[in-house]
Amino acid sequence: MSSYWMDDQNNSGGDWTSGNQGQASNDGWASFDYTQPSAPIQQPQQQSYYSQAQSTVNSGYGGNMFNPAQQTLGAGGGESVNFEDELPLLEELGINFDHIRQKTVAVLNPVGTTSAEVIADQDLAGPLVFCLLFGGALLLHGKVQFGFIYGIGVVGCLGMYALLNMMAAGGISLTCTVSVLGYCLLPMALLSLLAAGLTLQGMVGYIISIMAVLWCSLSSSKLFVTTCAMDSQQLLVAYPCFLVYGVFALLAIF
Amino acid sequence: DWSVKYGNSDEPVPARFDINAPDLYIPLMALVTYVLVAGFVLGTQGRFTPEQLGLLASNAVAWLVLENFFILVTKYVMNISQALSLWHTLAFSSYKFVGMIISLLVFLAFGRTAYYWTLGYFAVAVAFFLIRTVKTFVLEGPGAYAQDGGTKRKLYLLLFISLTQPFIMWWLTSSITNFVPGKMDLAEMAMAGIGMGAAKVGGAVGGAKAFVQPDGEVDYEALLRAP
């Protein structure tokens, strides 16, 4: 998120590291002074520019800090520049369709690999769609069980969050757990769509369901292991995921 | 060798390095798997609703809590409170769910007789395992070198723990496995008591079977409306 702020300021963040222009972009600094505390992580040779910029900016304030229209020297009046400087709506909402597509493909292909930063983008839009799809498919079967899906989902996510934080060296955040578990619900949604048409009670149905649950748990354990960097424990993570998705499978079959 | 290894600071070594150290992963997974397998067996009998999952889980957890609370109180009453900590008894008392899961799966595959034999085997196995492990734990563990060892009392506690396991194993699985489709004994007995015998005895309304629903419940409204 902080990168969005930096881009917003007429690349003054980028100019920050290229020394000589530190003085010239002071006017860009003056309008957004609260980003300056992020600067001091830099190396010592840039500390001098920081202190120079600091002194110039401090002397240049003079009480104009809260009037953005007077500070921006961009083209046009103050308001139109701020409007153009706003992020596109999807970026501001945090919905990144490319990441969503990549994660869905990663789920649908349980033997492929995916990069850790795609998973670290913790969005809940995809999981919400997949849960509603699962509930809708159950609705086709005559079972109005949205409450049970929600309850089992919450209990499963909380349990998984607690377990992963105890098992992994570095922790995992709750939204990341919810996001991964929600994305890997896609095969269960497909299974329940299948159950709406054909009945899954019978040996063939049980075998198909077990395969779908295995698919879900393999994908989710692969995503968890990639995020938490616990390599040799994938089977230990896969079993709890198997249990969570097994409960959803029970809802879909019976 | 059943003893638990200890590290430098006289604390037990983590479960990663010692095969005998109790940890809560298997117990937790066994509990949830038991709820899942029990729900699956109920589903094959046509008795599954999602509420059943909550009922099964609450039932199992309630028995666990009751058993561990009993052990805790007994420890303090018998003055051996340093023998076995609560987490260890929680872990040890949840190992019986593994046997219950396999018994239920055998019931699905092979029927009731095989289920009873498997249950008996796992009851004996769990009792043996607990007696061996907990004896080592209690007699050589951190509380063993107290002034009053209380060995006899500790062994009584150990025997009590080991003997409650088979009972709870049987109690929790029997409600799932004693379902015989088409023969609701209690309901039919009650029906016979109010004068509505089995279908072959007669009765214009088709006997008792008309009012018994598949999950064993009696449909009282239809019964009251009958002539």
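**View 1. Asn68(B) sits in helix H2 of chain B.** Helices here are DSSP runs of H or I with at least four residues, strands are E runs of at least two, and both are numbered from the N terminus. This is a predicted model, where local features need pLDDT of at least 70, side-chain atom pairs count only at pLDDT 80 or more, and totals for chains, interfaces and linings use all residues. Residues are numbered from 1 along each chain as its sequence is written, chains are lettered from A and ligands numbered from 1 in the order in which they are written, and side-chain values use heavy atoms, with hydrogens and water left out. Asn68(B) is buried, with a relative accessible area of 4%; buried means under 20%, exposed over 50%, and partly exposed in between, using a 1.4 Å probe and protein chains only. Setting aside neighbours within four places in sequence, Asn68(B) is in contact with Leu86(B), Thr89(B), Leu90(B) and Ser93(B) (contact means heavy atoms within 4.5 Å).

**View 2. Thr177(B) belongs to helix H6 (residues 151–177) of chain B.** Why does Thr177(B) count as buried? Because its relative accessibility is 1%. A polar atom of the Thr177(B) side chain lies 3.0 Å from the backbone oxygen of Thr173(B). Skip the neighbours within four places in sequence, and Thr177(B) is in contact with Leu104(B), Phe107(B), Arg112(B) and Tyr115(B).

**View 3. Thr33(B), in helix H1 of chain B, reaches across to chain A through Tyr239(A).** The side chains of Thr33(B) and Tyr239(A) are joined by a polar contact of 2.7 Å. A polar contact is a pair of N or O atoms within 3.5 Å; within protein, one must be able to donate a hydrogen and the other to accept it, and residues adjacent in sequence count only if both atoms are side-chain atoms. With neighbours within four places in sequence left out, Thr33(B) is in contact with Tyr239(A), Leu243(A) and Ile101(B). Thr33(B) counts as buried, at 10% relative accessibility. As for Lys135(B), its C-alpha is 28 Å from that of Thr33(B), and the two are 102 residues apart in sequence.

**View 4. The interface puts 14 residues of chain B in contact with 17 residues of chain A.** About 1400 Å² is buried between the two chains, 82% of it from carbon and sulfur atoms; buried area is the accessible area (1.4 Å probe) that two parts lose on being put together, summed over both. On the chain B side, Tyr25(B), Leu36(B) and Pro50(B) lose the most area to chain A, together 39% of what that side buries. Helices H1 (25–44) and H2 (50–77) are the elements of chain B that give two or more residues to this side, and H1(B) gives the most, with nine. Two residue pairs are in polar contact between the chains, both at pLDDT 80 or more.

**View 5. The largest nonpolar core has 77 residues.** Such a core is a set of buried Ala, Val, Leu, Ile, Met, Phe, Trp, Tyr and Cys residues joined through side-chain atoms within 4.5 Å. Met188(A), Phe224(A), Tyr245(A), Phe248(A), Tyr34(B) and Phe97(B) touch the most other members. Helix H15 (residues 234–253) of chain A brings the largest share of this core, 12 residues. Apart from this core lies another, of 13 residues, including Met78(B), Leu130(B), Val134(B) and Leu157(B).
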